[in-house]
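Q: I'd like to learn how to read aromatic rings in a protein model. Can we go through it together, step by step?

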Amino acid sequence: DVQLQAFGGGLVQAGGSLRLSCAASGFTFDDYAIGWFRQAPGKEREGVSCITSNDDRAYYADSVKGRYTISNDNAKDTVYLQMNSLKPEDTAVYYCAANLVGACTSIPSEYDYWGQGTQVTVSS
């Protein structure tokens, strides 16, 4: 079965950096997309970034563009989210999700499988 495991969150000062990892297993790397979402208390889950497997195209929310970088390591079946210049408003639980059709969207319902989430807290 498809399984996703998100990890790498923690507590960091404003301006600092973290790298999140999403380890994937149980599906064929033919045409899929891995997205990162985040959810802060009292807010809806929002798309942060996404990467496709077939053309390695990356997408970013305006709020993180220029600060976050998504990448993949096919040998390790892992997608990373490098987060730099972190702000307190980046504080949230971060989730990775897989769209096995291969579409990168910012809509949570378009994704088929989800990891457990990892907490990112940015202090000012």
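Q: Where does Arg45 lie relative to the ring of Trp114?
A: A charge sits over a ring if NZ of Lys or CZ of Arg is within 6 Å of the ring centre and within 35 degrees of the ring normal. Here Arg45 lies over the face of Trp114, 4.9 Å from the ring centre. The charged end of Arg45 also sits over the ring of Tyr95, 3.9 Å from its centre. Keep in mind that this is a predicted model, where local features need pLDDT of at least 70, side-chain atom pairs count only at pLDDT 80 or more, and totals for chains, interfaces and linings use all residues. Residues are numbered from 1 along each chain as its sequence is written, and side-chain values use heavy atoms, leaving out hydrogens and water.

Q: How many aromatic pairs are there?
A: A pair of aromatic rings is described by the distance of the centres and the angle of the planes. Rings of Phe, Tyr and Trp (its six-membered ring) pair if their centres lie within 6.5 Å; planes under 30 degrees apart count as stacked, over 60 as edge-to-face and the rest as tilted. That rule gives 4 aromatic pairs here. Take Phe37 and Tyr111: their centres are 5.0 Å apart and their planes at 80°, so this pair is edge-to-face.

Q: Is Phe37 buried or exposed?
A: Buried means under 20% relative accessible area, exposed over 50%, partly exposed in between (1.4 Å probe, protein chains only). Phe37 has 1% relative accessibility, so Phe37 counts as buried. Tyr111, at 5%, is buried too.
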